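Subject: Structure handover

Hello,

Here is the structure you asked for. Please open it first, then read the notes below.

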Amino acid sequence: MNTTQFDVIVIGGGPGGYVAAIRAGQLGLKVAVVEAAQLGGICLNWGCIPTKALLRASEINHLLHNLGEFGFAADNVRFDFARVVKRSRNVSAQLSAGVAHLLKKHKVTVINGFGKLAGMAGGQRKVSVSVDGKETVTLTAPNVIVATGARARVLPGLEPDGKLVWSYREAMVPKELPRSLLVIGSGAIGIEFASFYRNMGAEVTIVEVADRILPVEDAEISAFACKALEKQGMKILTGAKLGAIRKGDNSVTIDVTMGGKTRQVMVERVISAVGIVGNVENIGLEGTAIEVDRTHIRVDPYCRTGEKGVYAIGDIAGAPWLAHKASHEGVMVAEQIAGRTVHPINPLNIPGCTYCRPQVASVGMTEEKAKAAGHKLRVGRFPFIGNGKAIAMGEPEGMVKTIFDDATGELLGAHMIGPEVTEMIQGYVIARTGELTDAELKETIFPHPTISETMHEAVLAAYDGALHI
Amino acid sequence: MSINILMPALSPTMTEGKLARWVKAEGEAIAAGDVIAEIETDKATMEVEAVDEGVLGRILIPEGTEGIAVNTPIGILVAEGESVPDAPVPATPAAAPASVAPATASASAAPAPQAAPAAAPTAKGRRVFASPLARRIAAGKGIDLSTLKGSGPNGRIVRRDVEQAASAAPPTPKPAAAAPVAAPVTAGAGYERVPHSTMRKVIARRLTEAKTTVPHFYVEMDVQLDALLALRKQLNAASPAEGPDAYKISVNDMLVKAAALTLRRVPKVNVAYSDDATLVYDDVDISVAVSIPDGLITPIVRRADTKGLRQISNEVRDLATRARAGRLKPEEFQGGTFSISNMGMYGVKAFSAILNPPQAGILAIAAGERRPVVKGDEITIATVMTVTLSVDHRVVDGALAAEWVSAFRNVVENPMSLVV
């Protein structure tokens, strides 16, 4: 049996690539995954998962310092920072091993090395694999899925140096807790690190070039988050531009200009979280019909590239840069290759989550976008302070906002901030995917007492009025 | 490689049809352009021509099957000598569906009774799988979900299907269709079961919908015909005895023209109701009801107000002849802005017609008969016919309907305007 001939070759073993491989394996295809680093990719090893482990630790720290509210007292609360970080790494290691097991179970061949498109041979796509720059093997298959992901964007002057200036990677494995920290960029990654370090006790300043934090979220949610984070002691500088950067022995001083005034911010460490760039280099795109647009591969709604039989999924295939989008695209492409009928992804049905405290989650259009799209809106809001379970839990900070199209009852968007909203947003995602209207959401019986009742109330509020406010 | 032969869409609004007949048999060689099957829609019987060549490998849908959704594989075309798969070839999203193309209308079966642009087949009482949002949007736009093909999971109708249908079809005043009702059968009564033709189903659905969802009212008036009959006699006397220029104008031809002129004088009846606006038609296109075996159809005299009587006469005769032969093209019976139904030849005294949506008016013409009429203080004899105008009250109110029938009487009783 030819060990280098496959039905599908997946370049990259992140949440897009390994899920595509599992699905293709389930559908009876012979699959290879080429991965240069660790199975599970950034998400599992350096992104979504280890940060959740860190954030969990920081929430516990916060709770331990606020026990009085629940009638407890504890003296001498302390933590071993190295062990906090170690636990996060163990979580990643456990899950990466789990991915290897899953791929084996679905008879997927995993090949370690750097995969690259290498032309055609006999009507088949060739993918060459190299380790340390030396080619080890060439694989062939009629179908190739490019899932090489992305990496942090680097601002000039703020190149990660492993000591004073960190990217997400260094920020995930700190040796010790810095006393003060500047987070540049207030997207999900920046805000999550800000939340972790602040709740562990560091002084945190956030700078954002846009006029509000979490700029892709609904403006009301951004404002709510901003207030909540400031209340926790963070300094938030929006509409801010970075100027000169001076590095000291154990400190960095940065000029920050806001509204024409320049101030100096001095911190021990800087985290740069200003977006990502796609890993499009050295993967054999040159000279092909595959189009690259600002470090991302251009694809059609079915993730097809300009080359027949070559697909691109996940971060490399453009926004939103989310693991669940990559995985879903992976499944869609695998099913497509297997001849199944598939449906393109509606970007408005992809939820976004930020795991700061309080959490932020949303799906669909913001109020601003819905208005711009020409809809006549019905907007409902409900605060967590009106929810029994939230008060009982001691987590009354948050709100839910729903946006409906007045003409059709379509749920155009849902925006949440508060405890566990990242676990709850799927309810609204199901509503959008199933094309439910206000009628079905109103008639749905939400269990009592749960914080999910806020979701129901926010729907009622958009129409006849919420019951508990 | 084998190719699925798919149920073709023979018109933009067709969603399903009946496979009337397989012209080719399994195993028979097919050249591109060969007629391979006949499909019966609500409007006509059409021939399906092969686009690719090969051998008809397998017939998946036997002839006589009704309600086959567009794009359902009906057969498999294979290459000469190739083995024949049992099941349709799975489609990929990129696969081009069409391996057959509709031929021009040929005809053996009867077209539909009327002319709505969004005419569609019946639901047959089967469950329609559609998302709540698709249902809501369809209700708002007056789209019958049973006429759509779903593109969602397991063929579910989703929002984009409705929006595509809405952008494909012109606005119609058609509200949501009522659920089909099973007709009760008297216990113990003997009967012969005559299956509905496609046309019969369309007549049932369209007229039920018109009568139950459009608020009709009726305005009746007696019209004296003597002047018109005298004019007709004069005109026909002027015709050459025979030859290509010979003509014989009927009373009906003159009433078509009279109705058209009346619509020009009272244009507010030449309209259609839609959800958010009244559509006032630019042209006056008169649909003329023609009885055909097992049904009726309404071929159209376009811009009848601008045409001479001889032209109208020739067109009506040609349309009626071809209608009875089932040879009308869809555009010859789809559309129209106002209808005329004439039962004068049967001697009926008066009747009221059901509207032909989205048109807002239909004129029912009864027999002209000699009746005593009062002129001044004298009773004299005149040829009188009773006409009944049915209108859609959503767009035509009582005074307007009355104005229209008066104007119509005026045109008929002073018929010189028909010829100048």
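Two residues are in contact, or touch, if their C-beta atoms, placed from the backbone, lie within 7 Å. The model is predicted: local features need pLDDT of at least 70, side-chain atom pairs count only at pLDDT 80 or more, and totals for chains, interfaces and linings use all residues. Residues are numbered from 1 along each chain as its sequence is written, while chains are lettered from A and ligands numbered from 1 in the order in which they are written.

Cores

Start with A:Ala20. Leaving out residues up to four places away in sequence, A:Ala20 touches A:Val10, A:Ile145, A:Ala147, A:Ile313, A:Gly330, A:Val331, A:Val333 and A:Ala334. A:Ala20 also belongs to the largest nonpolar core, which has 150 residues. A nonpolar core is a set of buried Ala, Val, Leu, Ile, Met, Phe, Trp, Tyr and Cys residues joined through C-beta atoms within 7 Å. Buried means 20 or more other C-beta atoms within 10 Å of the residue's own; exposed means 12 or fewer; partly exposed is in between, with C-beta atoms placed from the backbone. A:Ile9, A:Val10, A:Ala20 and A:Val146 have the most contacts inside this core. Helix α6 of chain A gives the most to it, eight residues. Helices (H or I, at least four residues) and strands (E, at least two) are DSSP runs, numbered from the N terminus. A second, separate core has 58 residues, including B:Ala210, B:Val256, B:Ala323 and B:Val387.

Annotated binding site

An unreviewed UniProt entry gives a "binding site" at A:Gly185, A:Ser186, A:Gly187, A:Ala188, A:Ile189, A:Gly190, A:Ile191, A:Glu192, A:Glu208 and A:Gly275. UniProt positions follow the numbering used here, feature names are shortened, and annotations may be inferred rather than shown by experiment. These positions spread over 91 residues of sequence, yet they cluster in space, with a largest C-alpha distance of 14.1 Å.

Two of them are worth a look. A:Ala188 is in helix α6 (residues 188-200) of chain A. Why is A:Ala188 counted as buried? Because 23 other C-beta atoms lie within 10 Å. A:Gly275 sits in the loop between β16 (269-272) and β17 (276-278) of chain A. A:Gly275 is partly exposed, with 15 other C-beta atoms within 10 Å. Beyond four places in sequence, A:Gly275 touches A:Arg153, A:Gly185 and A:Gly187.

Helix α13 of chain A

This helix (residues 453-462) is mostly covered, with nine of its ten residues buried. Among the buried residues are A:Met455, A:His456 and A:Val459. The buried residues of α13 pack against β23 (377-383), β24 (399-405), α11 (421-433) and α12 (438-443) of chain A.

Chain B and the interface

Chain B has eight helices and 20 strands. Buried residues make up 43% of its 420 residues. UniProt (unreviewed entry) lists "domain: Peripheral subunit-binding (PSBD)" at residues 129-166 of chain B. That stretch is 47% helix and 0% strand, and its end C-alpha atoms are 18 Å apart.

Where do the chains meet? In the model, 13 residues of chain B are in contact with 15 residues of chain A. On the chain B side, helix α1 (residues 132-141) gives the largest share, six residues.

One last pair: B:Asn410 and B:Thr262 are 148 residues apart in sequence and 9.0 Å apart in space, C-alpha to C-alpha. B:Asn410 lies in helix α8 (residues 398-413) of chain B.

Best wishes
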